[in-house]
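Subject: Structure handover

Hello,

Here is the structure I promised to pass on. Please open it first, then read my notes below.

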Amino acid sequence: MSNWADLTTGKRIKALRGTDLTQQGLAEAAGVSYALIQKAEQDRGELSVGSLLKLAAALRTDVGVILGQQAPRRGMSRDTRTAVRRLSDAVHDSALGGWEGVEEPSTVSELSSAHDGMCAAYWRGDFVELSELTAKVVLEGSARYVQAVGCERERLGALLASAYQFASSTAMLLGQRDLALSALTSARYVEGASGDALLAAVTDSTLSWIHLRSAKVPQAVAVAERAASRIEPSFSKSPRPQLLMYGRLMIAAAVAASRRGDATSADDYLSQAHAAAARLGRDETAYGTHFGPTFANTEAVGIAVALGNHGKALQLAAHTRLPRSMPKLARNRYKLDVALAQCSAGLYDKAGDTLIEVGLDAPEWVKHQALPGVIGQRIAKVSTARVRSISEVIGVPLVA
């Protein structure tokens with residue numbers, strides 16, 4: 001469908017629904033009202049991010065496809081499709097024994113260096129390099145793992161679990177849910193060999209995010225909450241990595257709670273995250289992920305946006321300073337939340353400027369995000385020409 005981006009959102013939903021699924025059937029599958037489906041297909045009113053996630057899950061597609069940012073099955077660049085294929089081959093070959101073709105696997109030290117490069121590539125949105133390094137760690141690490149014993153087996157178990165988790169997160173980010181779950185299943189299989197109890201919490205954090213992206217909000221909350229309760233720290237004497245992972249899980253629970261409109265639970269989880277961040281006292285990195293005061297503050301903005309508290313979101317953003325060390329993906333995800341809040345406050349020019357900043361800073365990553373389409377549609381109500389100009393600058397179709 002070469003003109004997919006030229007269709008309205010309503011026509012895209014209708015096309016994806018097809019003739020085998022009625023409007024009532026889609027409403028029931030997505031857990032939304034029949035009236036919402038009618039209005040959506042008639043392009044009346046605005047769809048919330050939560051509704052878009054539910055529709056995407058029911059239609060077995062990605063939000064970007066509904067919004068016209070991606071055509072069905074053809075929304076990726078050639079390099080990104082190659083990266084996904086490389087990740088898929090590595091995850092499945094390692095699970096099925098395809099790593100036996102590795103003649104001389106790298107040393108644990110070399111694999112550790114590749115792992116560090118993989119983490120850095122993920123946070124700057126370089127999917128090509130990430131897939132190459134992840135494949136190296138997964139395939140060569142698996143080949144060495146079956147023969148390893150003692151401390152070497154523990155180190156390899158930790159490296160493999162982390163590599164599978166990053167493969168899972170990347171696959172989900174690119175709309176490949178089945179691959180994401182396959183990778184996470186492999187992570188679960190090897191994490192026990194590491195001797196590190198916090199690795200299970202990392203896996204659960206990723207699983208919570210997958211559930212959230214799949215519009216399974218209650219499961220997202222439950223997974224994060226259970227994992228956090230297992231590692232709940234004593235704030236006076238807990239190791240810093242434990243505080244970091246607990247804070248991340250509390251954020252995951254808060255974000256998921258906000259997506260279902262549960263402000264009370266979201267605030268409770270968020271307060272726990274802020275407490276962990278305050279105890280850390282600074283932004284830190286562990287297990288390839290980040291947490292600290294900055295992360296807690298930026299996520300608070302996104303949570304306020306999800307709950308419809310756009311004035312509060314902008315107030316929080318006004319007092320949030322982003323350090324230069326903040327990873328590119330985290331920085332731009334936060335800026336999309338700010339742009340959405342700016343739209344809701346009628347600051348359309350500022351929202352457009354913020355969206356351009358994101359698109360220029362992370363051009364490939366932004367193609368796979370839902371919010372640019374939502375923001376674009378809202379700006380288009382004021383100026384279609386402005387949105388088309390933004391689309392040309394960032395290379396993402398935002399309006400029909």
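The largest nonpolar core has 92 residues. Those with the most contacts inside this core are I13, L55, W365 and I375. A nonpolar core here is a set of buried Ala, Val, Leu, Ile, Met, Phe, Trp, Tyr and Cys residues joined through side-chain atoms within 4.5 Å. Buried means under 20% relative accessible area, exposed means over 50%, and partly exposed is in between (1.4 Å probe, protein chains only). Helix α9, residues 150-173, gives the most to this core, with 11 residues. Another core lies apart from it, with 37 residues, among them A201, A220, L243 and L280.

Two notes on the source. This is a predicted model: local features need pLDDT of at least 70, side-chain atom pairs count only at pLDDT 80 or more, and totals for chains, interfaces and linings use all residues. Residues are numbered from 1 along each chain as its sequence is written, and side-chain values use heavy atoms, with hydrogens and water left out.

Back to W365. Leaving aside residues up to four places away in sequence, W365 touches F127, L173, L329, N332, R333, L336 and V358. Contact means heavy atoms within 4.5 Å.

Now the rings. A search of the whole structure finds three aromatic pairs. Rings of Phe, Tyr and Trp (its six-membered ring) pair if their centres lie within 6.5 Å; planes under 30 degrees apart count as stacked, over 60 as edge-to-face and the rest as tilted. Y122 and W123 pair edge-to-face, at 5.2 Å centre to centre and 90° between the planes. Both of these residues, Y122 and W123, are buried. F291 and F295 have ring centres 5.8 Å apart and planes at 65°, so this pair is edge-to-face. F291 and F295 are both buried. Ring pairs also link Y122, W123 and F166 into a cluster.

Next, A306. This residue is found in helix α15, residues 293-306. Helices (H or I, at least four residues) and strands (E, at least two) are DSSP runs, numbered from the N terminus. A306 counts as partly exposed because its relative accessibility is 32%. Its contacts include S258 and R259, not counting residues up to four places away in sequence.

Finally, the whole chain. The protein chain has 20 helices and two strands. Of its 400 residues, 54% count as buried. Its C-alpha atoms fill a box of roughly 60 × 50 × 40 Å, taken along the principal axes.

Best wishes
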